[in-house]
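Hi there,

Here is the structure I promised to pass on. Have a look at it first, and my notes follow below.

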Amino acid sequence: MSAVSAATAASRPDALGKWLRGRAPWPVLLAALLVLALDVVRVVQGPRMPGIDNAVVVRAARALLDGGSPYADKRFLYLPGAVFAALPETVFGNEALARAVPVVTALLVLAGVVLALRIFGVRADSRLAAGVVAALGVFEPFHGVVYLGNWTALSAVAFPAALLLARHGRWCAAGAVVGAAIALKPMLVPLLLLFVLARRWRALAWAVGVPAAVSLAAALAMPRPGLFFTRTLPFLLRGQDAYARPFDAAWPSVLPRLGVPQPLALALAAAAAAAVLLCARLRWRAGGDPALRLVECASLLMLAAFLVSRPSFQHYMLVVLPSLAASLVVRAAAARSVWLWLPLLPEVAGVSWPHLETARRHAFRDVVLITGVAAALALHAWRTRSDPSGEVTVSARVYALSNRESVRADGGPPDRARDAPDRTETR
């Protein structure tokens with residue numbers, strides 16, 4: 001098969017992809033939304049006040065208004081920009097926030113799902129969308145992020161938004177989105193490597209410059225910002241305290257609880273993260289479907305950080321999983337492998353796991369989730385490191401390596417007037 005024919009075949013969806021893209025009946029969509037809504041209601045009406053992570057940020061904003069330093073609270077772990085982003089919440093009482101924050105958090109995650117689907121051109125009322133929404137309703141990381149009101153939900157929106165912009169060639173806008181997310185919570189820092197792999201230096205400048213400018217301006221507007229370096233960073237590097245440490249699912253935290261010496265645990269975690277980063281580079285060089293390439297490479301970069309960084313909590317996976325689920329419509333996706341989804345089974349709500357049900361032992365299930373998904377995705381990248389069709393994609397175009405003829409990613413005929421003079425793109 002020629003490169004042109006291979007590219008045309010690759011762009012044609014298979015039967016499963018067509019079925020997943022199809023519009024779901026409205027009763028199915030309502031049922032999926034009901035499953036998710038019931039979980040949110042369960043959080044709001046629960047015996048304990050939800051939104052405790054968001055409450056830490058609001059408390060820091062109120063401390064600023066009272067003339068104090070937000071970083072006097074050791075549990076405020078975000079960058080200075082988050083303090084000013086939380087100021088609008090200070091006008092509401094704790095009771096109102098406890099009811100509103102879980103709903104807003106759930107809506108942010110839903111927005112991230114819609115954006116993830118759009119990366120692959122999938123409708124928000126498709127069968128795949130209904131399945132993802134229903135699955136969230138019985139997925140413990142979703143329940144956790146809604147209960148905590150954790151600002152990871154912002155990264156769950158920014159991650160697919162940035163990839164969607166990059167998919168359409170708007171790399172600088174993608175960099176700005178990543179930078180804005182980092183300015184609030186530095187979770188998407190690993191995505192900076194995506195701009196390096198793509199050699200999009202101007203976009204990288206946006207991704208670095210936005211949080212740097214926001215953080216500097218916010219730090220200058222608050223008292224004692226230096227506490228971030230003398231109090232907050234040491235607290236983070238020590239793995240927080242006895243309250244939060246048992247929930248940390250990163251290898252350097254979990255392995256010592258299993259009897260592995262701390263230096264060896266750090267070495268193993270670093271080696272695993274380096275291997276995943278290598279697979280991310282191989283996945284980028286392999287090319288293939290542009291949207292799939294972006295999602296799988298970016299997910300590998302994030303998962304490498306989840307393995308080694310401290311802390312690493314279960315709800316962090318909501319950043320990458322919706323985009324990986326959306327990739328099911330592509331026949332070559334790693335998401336088509338059952339091995340990518342088996343690690344999610346311990347996180348299904350209502351399933352009892354002996355000796356692992358207590359909150360302080362939950363990290364042993366969470367490390368299976370993070371490690372299992374990272375391993376399956378990395379193995380897929382390793383196996384497909386050489387694109388069998390002999391193509392690489394650059395800026396939504398497919399170039400044949402076997403001859404000088406090129407073909408557009410949508411399977412159209414080559415445009416020599418457009419493609420031939422372009423010598424600056426990175427393959």
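To start with a question: which residue forms a salt bridge with Asp125? The partner is Arg123, with the closest N and O atoms 2.7 Å apart. By salt bridge I mean a side-chain nitrogen of Lys or Arg within 4 Å of a carboxyl oxygen of Asp or Glu. Arg123 counts as partly exposed because its relative accessibility is 35%; buried is under 20% relative accessible area, exposed is over 50%, and partly exposed lies in between (1.4 Å probe, protein chains only).

Before you go further, please keep in mind that this is a predicted model: local features need pLDDT of at least 70, side-chain atom pairs count only at pLDDT 80 or more, and totals for chains, interfaces and linings use all residues. Residues are numbered from 1 along each chain as its sequence is written, and side-chain values use heavy atoms, with hydrogens and water left out.

**Salt bridges**

The structure has nine salt bridges. Asp248 and Arg310 form one of them, at 4.0 Å from N to O. This pair ties together distant parts of the chain, 62 residues apart: Asp248 sits in the loop between α13 (227-237) and α14 (251-257), and Arg310 in the loop between α16 and α17. Helices here are DSSP runs (H or I, at least four residues), numbered from the N terminus. Asp248 is buried, at 1% relative accessible area, while Arg310 is partly exposed at 25%. Salt bridges with shared partners also join Arg23, Arg123 and Asp125 into one network.

Asp39 and Arg42 pair as well, at 2.6 Å from N to O. They are about one helical turn apart because three residues separate their positions in helix α3 (residues 26-44). Asp39 is buried at 3% relative accessibility, whereas Arg42 is partly exposed at 48%.

**Helix α16**

Of the 19 residues in α16, 18 are buried.

**Cysteines**

There are zero disulfides, meaning pairs of cysteine sulfur atoms within 2.5 Å. Cys297 is buried at 0% relative accessibility, and Cys172 is partly exposed at 29%.

Best wishes

Notes: Helices (H or I, at least four residues) and strands (E, at least two) are DSSP runs, numbered from the N terminus.
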